[in-house]
Amino acid sequence: MSRRVTRSTTRLDRNSLTLPVEVVIDIFLRLPLKSIATCRCVCKLWSSVLRSQDFTDSFLTKSCARPQLLFACSDYRHEIHFLSSPQPENPEDNSHVVASNHLARFPTSYGLFGCTNGFFCYGANQGKNKAVIVTVVCNPSTGQSLTLPRLNSKERYRVENYLGYDPVAKVFKVLSVFDGTEHHVLTLGTKKLSWRVVECCIPHSSSSKWISISGVLYYIAAEPRSSSRESMVVCFDLGTEKFSFVNLSRLKRALPQSTTLVNYNDRLGLLMSSEDTCYVFRTCKRFKLWVLRDAAKHEWSKHVYVLPPLWKDVIVDRMCIAGMVGVNEIVLAPWFQYVPSYVIYYNVESKTIRKVGIQGMEALQGRRLNTYLNYVENVKLL
């Protein structure tokens with residue numbers, strides 16, 4: 001836990017707190033997030049401590065030590081529901097069952113973009129007669145949401161939005177890309193939210209496959225009017241707001257639809273199944289992982305994980321690649337919510353497969369399910 005003390009908090013500590021501010025922060029860190037939200041309303045002093053960057057950083061550090069699974073699902077009213085459950089910590093436990101916790105619900109979901117450092121980005125329909133699509137950033141743990149200003153793009157349906165976190169400046173940024181030709185960025189936490197134009201030297205067609213790792217946004221893209229589905233990885237540095245590109249020609253084949261961007265020990269990884277489909281079936285024989293070793297030199301390393309025979313006995317429905325936990329476990333999740341709910345962990349070193357049951361999701365039976373790994377609670381306010 002950080003022991004740094006801000007100047008404003010120190011001044012309040014001298015005037016009003018009866019305990020050292022480090023002790024007060026340590027006490028607050030032991031509370032659940034909903035209790036922290038209540039404590040913010042007790043008095044200005046407590047609110048100042050709980051809104052400080054020191055407390056936010058300390059809480060996030062604690063949350064990162066206990067990452068969770070995050071489930072996002074839209075119901076028949078197009079409301080988006082967020083649920084979380086613990087990520088199992090014992091790799092030898094093959095009969096694990098965990099309970100899910102309903103975090104929040106937000107109205108009028110149009111599309112889900114993704115999750116970064118506890119914040120989530122999605123599209124929403126705004127208005128009744130002439131509904132327009134707006135971008136919303138929310139914090140499932142606190143129930144807060146923020147609708148971003150609209151961009152006057154030529155076409156609203158060809159826009160991709162990516163949410164990233166800059167760990168140096170400690171700010172969230174949203175990158176909006178229209179057809180690979182218009183690029184805008186917005187910084188959360190400013191007094192007046194506004195989009196800024198950022199220049200990109202290579203036109204490209206963006207995709208919905210992306211990830212934020214250590215201050216860099218990565219997303220898969222293709223050259224305009226290219227016969228290849230995807231031909232490059234676009235890298236956007238959230239600090240400098242500059243673009244760079246990594247060619248995929250060294251992979252020697254087009255990326256299958258199952259390709260998922262993963263965090264492999266703070267490096268970008270492209271994880272894919274042996275089948276050229278967005279689903280993972282029981283007929284799948286292996287997984288392949290390409291790890292970006294040197295972006296400037298376009299260097300990748302290749303890993304192949306052959307599945308054991310018992311794989312066919314575990315998989316009973318079409319699955320999708322949710323990502324990786326660390327560098328050893330591949331996680332698969334069902335495309336639709338069925339009872340009983342479960343996720344599958346495949347350890348690439350020990351060749352073991354775990355089927356982990358998820359309780360408490362029965363109300364979302366039959367709905368499209370999106371699963372995100374390494375979700376952390378964040379007390380930062382929007």
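This is a predicted model: local features need pLDDT of at least 70, side-chain atom pairs count only at pLDDT 80 or more; totals for chains, interfaces and linings use all residues.
Colleague: What makes F82 and F120 an edge-to-face pair?

Modeller: The ring centres of F82 and F120 are 4.8 Å apart, and rings pair if their centres lie within 6.5 Å. Their planes stand at 70°, and since planes over 60 degrees apart count as edge-to-face, the pair takes that name. A search of the whole structure finds 15 aromatic pairs, of which this is one.

Colleague: Why do you say that this pair ties together parts that are apart in sequence?

Modeller: F82 belongs to strand 2, residues 80–86, whereas F120 belongs to strand 6, residues 119–126, so the contact ties together parts that are 38 residues apart in sequence.

Colleague: Are F82 and F120 buried or exposed, and how do you know?

Modeller: Buried means under 20% relative accessible area; F82 has 0% and is therefore buried, and F120, also with 0%, counts as buried.

Colleague: What makes the pair of F120 and Y372 edge-to-face?

Modeller: Here the centres are 5.3 Å apart and the planes stand at 85°, so the pair is edge-to-face, given that the angle has to be over 60 degrees for that term. This pair links distant parts of the chain, with F120 in strand 6 and Y372 in strand 25, residues 369–375, at a separation of 252 residues.

Colleague: Why does Y372 count as buried?

Modeller: The relative accessibility of Y372 is 18%, and because the limit for buried is under 20%, Y372 counts as buried. Y372 also belongs to a cluster that ring pairs build from F82, F106, F120, Y122 and Y372.

Colleague: Why is strand 2 described as largely enclosed?

Modeller: Of the seven residues of strand 2, six are buried, so the strand is largely enclosed by the rest of the structure.

Colleague: How do you know that strand 2 pairs with strand 1, and in which sense do they run?

Modeller: Two strands pair if there are at least two bridges between them, and strand 1, residues 68–74, is joined to strand 2 by seven bridges, with the two running antiparallel. L69, for instance, has S85 in strand 2 as its bridge partner. Strands 1 and 2 form a hairpin with five residues between them, and H78 in the turn has a positive phi of about 65°.

Colleague: What joins strand 2 to strand 4?

Modeller: Five bridges join strand 2 to strand 4, residues 101–106, in the antiparallel sense, where the requirement is at least two. I80 stands opposite F106 of strand 4, and F106 is one of the residues in the ring cluster.

Colleague: What makes strand 17 and strand 20 the edge strands of their sheet?

Modeller: The sheet is open and consists of four antiparallel strands in the order 17-18-19-20. Strand 17, residues 260–264, and strand 20, residues 299–306, each pair on one side only, and they are the edge strands. With direction ignored, neighbouring strands of this sheet are turned by 30° against each other on average.

Colleague: Where does D266 lie, and why does it count as exposed?

Modeller: D266 lies in the loop between strand 17 and strand 18; its relative accessibility is 53%, and because exposed means over 50%, D266 counts as exposed. D266 has a positive phi of about 65° although it is not a glycine.

Colleague: Is E241 buried or exposed, and what is its phi?

Modeller: E241 has a relative accessibility of 17% and counts as buried, the limit being under 20%. Its phi is near 60°, a positive value in a residue other than glycine, and E241 sits in the loop between strand 15 and strand 16.

Colleague: Why is I27 called partly exposed?

Modeller: I27, in helix 2, has 43% relative accessibility, which falls between the limits of 20% and 50%, so I27 counts as partly exposed. Together with L19 and V23, I27 makes a nonpolar surface patch of about 230 Å².

Note on methods. Residues are numbered from 1 along each chain as its sequence is written. Side-chain values use heavy atoms; hydrogens and water are left out. Axes are lines fitted to C-alpha atoms, for helices over the stretch in contact, and angles run from 0 to 180 degrees between N-to-C directions. Patches are made of residues with over 30% relative accessible area and no salt bridge: like charges are joined within 9 Å, nonpolar side chains (Val, Leu, Ile, Met, Phe, Trp, Tyr) within 5 Å. Accessible areas come from the Shrake-Rupley method with a 1.4 Å probe; for residues, only the protein chains shown count as cover. A salt bridge is a side-chain nitrogen of Lys or Arg within 4 Å of a carboxyl oxygen of Asp or Glu. Buried means under 20% relative accessible area, exposed over 50%, partly exposed in between (1.4 Å probe, protein chains only). Rings of Phe, Tyr and Trp (its six-membered ring) pair if their centres lie within 6.5 Å; planes under 30 degrees apart count as stacked, over 60 as edge-to-face and the rest as tilted.
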